[in-house]
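Colleague: I am new to this structure and would like to learn how to read its features one by one. Could you take me through them?

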Amino acid sequence: MATINFGGVDETVITREEFPLAQAREALKNEVIAVIGYGVQGPGQALNLRDNGFNVIVGQRKDSASWEKAKSDGWVEGQTLFSIEEAAERGTIIANLLSDAGQIAVWPTLKARLTPGKTLYFSHGFGITFKDHTSIVPPADVDVILVAPKGSGTSLRRLFLAGGGLNSSFAVYQDATGKAYEKAIAMGIGVGSGYLFETDFQKEVYSDLTGERGVLMGALAGIIEAQYQVLRQRGHSPSEAFNETVEELTQSLVPLVGENGMDWMFSNCSVTAQRGALDWKGKFREATMPVLNELYDSVASGKEAERTIQRGSTPGYRQELEEELAELRESELWQTGATVRKLRSK
């Protein structure tokens, strides 16, 4: 382990130097990793593990689009690609990478195949933390671990192929064999993590649900819509409103913030932009803090999980969801965005 100072606070993290890939392979040399689900996280993790030399198989519902995707990625039916039931039977580490709703539906199938000594692996703490809603309660004689890459499966794969890696959290919920901790770290290294930081299942899901509803997606989408609407209402054209709200943010500023930090950005912009940003950031912070606290309370109380499960299981939800997404996609804001993106290479 390495002790690294994060903004004045010492934290213990695990890097590839302390736990190299060869050590991870040795730790899991007798394991068959069954990746269940080939949707969002499944492809990236399964392919990275395979390319890193681990024994990996994929379990997916036959004759689905994801089944065909797995075949196109080189998984061979009857050798490395199986039904969910057979993969779970064969696997010693069952990596449950289905959606939260999918995990609830398939749990009886997986639970029946969790024989003593096996490992149940997650990349999200939802199912375990909100067990009162999901009914996911593992047997006492299996290891239960988590590795949660801090990004999409697509990003995990893209960065891996480029020689990098996403940072990941890891956690041990249940250690039946005495080797759960080592397995969790080895899996984290195997999927291509940049570094690993320890958490627990509850903290992972609380931070994740808050983040995706907040800055990462919900708040970002909301504040983009608000600024775009203000500019349009004040007489600015769609292209000008979009460029000043989205295009400069995504194509110029966010990449620079990612590379160098917001402090660097503040030090490397015009005096006008610098002064204005410093004067207004506090107002935005104070305006959003109550909303973010309300959001966190909703997550911690289980209300967000309950709503997600309830809405996802409502008849006709898929149609309702598509209508909501279509409204977003067909709005002037994002139709303008589609046109702007086409012009980038011209």
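This is a predicted model: local features need pLDDT of at least 70, side-chain atom pairs count only at pLDDT 80 or more; totals for chains, interfaces and linings use all residues.

Colleague: Let us begin with the record: at which residues does UniProt place the feature "binding site"?

Modeller: An annotation of this kind comes from a record and may be inferred rather than shown by experiment. Here the unreviewed UniProt entry places "binding site" at Asp-208 and Glu-212. Asp-208 is in helix 10, which covers residues 201-213, and Glu-212 lies in helix 10 as well.

Colleague: Turning to the aromatic rings, how many aromatic pairs does the structure hold?

Modeller: The structure holds ten aromatic pairs. One of them joins Phe-6 and Tyr-195, whose ring centres are 6.3 Å apart, with 35 degrees between the planes, and this pair is tilted. Because Phe-6 lies in strand 1 (residues 2-6) and Tyr-195 in strand 10 (residues 195-198), the pair ties together parts that are 189 residues apart in sequence. Phe-6 is partly exposed at 31% relative accessibility, and Tyr-195 is partly exposed at 24%.

Colleague: Why is the pair of Phe-170 and Tyr-181 called edge-to-face?

Modeller: Planes over 60 degrees apart count as edge-to-face. The planes of Phe-170 and Tyr-181 stand at 70 degrees, with ring centres 5.5 Å apart, so the pair is edge-to-face. Since Phe-170 belongs to strand 9 (residues 168-174) and Tyr-181 to helix 9 (residues 180-190), this pair links parts that are eleven residues apart in sequence. Phe-170 is buried, with a relative accessibility of 1%, whereas Tyr-181 is partly exposed at 30%.

Colleague: Which residues form one aromatic cluster?

Modeller: Phe-126, Phe-130, Tyr-206 and Tyr-296 form one such cluster.

Colleague: Finally, which residue lies over the face of Trp-75, and which over the face of Trp-280?

Modeller: Here one looks for a charge placed above the face of a ring. Arg-50 lies over the face of Trp-75, at 4.4 Å from the ring centre, and Lys-283 lies over the face of Trp-280, at 4.3 Å from the ring centre.

Terms used: Residues are numbered from 1 along each chain as its sequence is written. Side-chain values use heavy atoms; hydrogens and water are left out. Helices (H or I, at least four residues) and strands (E, at least two) are DSSP runs, numbered from the N terminus. Rings of Phe, Tyr and Trp (its six-membered ring) pair if their centres lie within 6.5 Å; planes under 30 degrees apart count as stacked, over 60 as edge-to-face and the rest as tilted. Buried means under 20% relative accessible area, exposed over 50%, partly exposed in between (1.4 Å probe, protein chains only). A charge sits over a ring if NZ of Lys or CZ of Arg is within 6 Å of the ring centre and within 35 degrees of the ring normal.
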